[in-house]
Amino acid sequence: MILSSDNISKKLLNIIDSTPIFDLHTHLFPPKHEGYFLLGFKNLLNYHYLIAELLTATNIDASTFYSFNDEKKASLIWNELFEKRTPVSEACSGVLSILKELNIEINNKSFLSICDEYDRKIQSDKNILDLSNVSSLVMTNNPFDLDEWSLFNTNDWDKKIYLASLRLDDLILDYDETLKKAKDQTSNQENTIVNYLEKCYSQSNPVYAAISLNLETFNTILEDSMWRDILVWLESKKLPLSLMLGVKRAVNKDFGLAGDGIGEINLKELSNLCNSFPKNKFLVTCLSLNDQHELTVLARKHPNLRIFGFWWFMNQPTIIKQILKMRIDMLGFSFIPQHSDARVSDQLIYKWNHFKKILHPILLEYYQDLLDKNFPISENILQRDINNLLSGNAKNYLGIT
Ligand code: HDL
Ligand code: ZN
């Protein structure tokens, strides 16, 4: 059915809300992975985004804060950011979006009573996946963290929902220690890292490899023969490499996970990498707003470069509105618009709810313009486009169904 200006908005909203999502990058694990699966209100409040906001809005000392147990930390965050201050930041707003989705009123309720009510409503990943309409997601799996990697010793989790990746940061952060671990795990001492990755590949069936880099560490990829061997291996496996560019770890080392910030990156080197390895596929996201225009231009130059998501400090409504339109203006719908980066399963609810609220009016503007030019827009066209944006573009690039 061909749509008109009168009915396209509602039809588009229904399609966006009902289309299953493939979440390309998360830090989530299946419920069976004890100690790594995070769910519930206290975990939600102990998100490092909220910790950073607490430690910089108050004069609470970081090491004192981290000495508290999870309940004490969560109640402190709730009291300081949600009771003593107005919770308007994106991370605070996300918590409130989930409470609203669960019909949990907070006025005049104690922190602990909200916890109890919340934890009665959110019991498993299943209700979160239903509420967020996420049909499958990619975990961040570190093959050099043997305790975390023990997930792949068991099969009692849904591998159609929780897909694996190979996160390679340890090879940059602590090469000697990482090489030792790989040597211990492989008998063949030749080409240790690639041999170990081959073993991990057969254990986990990853959909991509990933690494976060900045100016200094990107040069390692370009210059080090081991990385050339890894790129050749990735090509042989048809495994894309996800490059998360422009991060500076431990800007404030006392803040722990909340202490990372923005680092430099030279995207001319990214272009060289795409040219030097034309048969490798690269998924790329940049942490700084300053790099977004150049990255988008590069995505018009390199067919083996696909932009994904609004990473971390980029995942703010104001920035998404501006940069999403720029990406559409330059790339049409040929990119992967968002990922959640969720660390606590419940976050899937707000991360995707917030993004879809921005996506609808922006897409409507483009479709309205097409209608004004007498370009016919049918329901099928809308469904095709939203399928591609919320899952198809990512799955096709990864070569998965
Ligand atoms: O390196 C990454 O994958 C980042 O996403 C970090 O994990 C960061 O701490 C984060 O959670 N960002 O959202
Ligand atoms: Zn991440």
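The questions and answers below go from the whole chain to single residues.

Q: What kind of model is this, and how are its parts numbered?
A: The model is predicted, so local features need pLDDT of at least 70 and side-chain atom pairs count only at pLDDT 80 or more, while totals for chains, interfaces and linings use all residues. Residues are numbered from 1 along each chain as its sequence is written, chains are lettered from A and ligands numbered from 1 in the order in which they are written, and side-chain values use heavy atoms, leaving out hydrogens and water.

Q: What counts as a helix or a strand, and how many of each does the protein have?
A: Both are DSSP runs numbered from the N terminus: a helix is H or I over at least four residues, and a strand is E over at least two. On that basis the protein has 19 helices and ten strands.

Q: How do you know whether the radius of gyration agrees with that of a compact globule?
A: The radius is taken over C-alpha atoms, and the globule rule is 2.2 Å times the number of residues to the power 0.38. For 401 residues the rule gives a value near 21 Å, and the protein has 22 Å, so the two agree. The C-alpha atoms fill a box of roughly 60 × 60 × 40 Å along the principal axes.

Q: Why is His48 called buried?
A: Buried means under 20% relative accessible area, exposed means over 50%, and partly exposed lies in between (1.4 Å probe, protein chains only). His48 has 9% relative accessibility, so His48 counts as buried. His48 belongs to helix α3 (residues 48-57). Buried residues make up 55% of the 401 residues in the protein.

Q: Which residues does His48 touch?
A: Contact means heavy atoms within 4.5 Å. Not counting residues up to four places away in sequence, His48 touches Leu257, Ala258, Trp312 and Arg343.

Q: Is Asp329 buried or exposed, and how do you know?
A: The relative accessible area of Asp329 is 55%, so Asp329 is exposed. Asp329 sits in helix α17 (residues 317-331). Between Asp329 and Thr296 there are 9.9 Å in space, C-alpha to C-alpha, and the two are 33 residues apart in sequence.

Q: What makes β6 a mostly covered strand?
A: In strand β6 (residues 241-245), five of its five residues are buried. Leu241, Leu243 and Leu245 lie on one side and Ser242 and Met244 on the other, and both faces are covered. In β9, too, five of its five residues are buried; Phe282, Val284 and Cys286 point one way and Leu283 and Thr285 the other way.

Q: Why are β1 and β3 said to stand at the edges of their sheet?
A: Three strands form an open sheet in the order β1-β2-β3, with parallel pairing. β1 (21-23) and β3 (162-163) each have a single partner strand, so one side of each is left without a neighbour in the sheet. Strand β2 (residues 134-138) is joined to β3 by two bridges, and Val138 has Leu163 as its bridge partner in β3.

Definitions and conventions
Two strands pair if DSSP finds at least two bridges between them.
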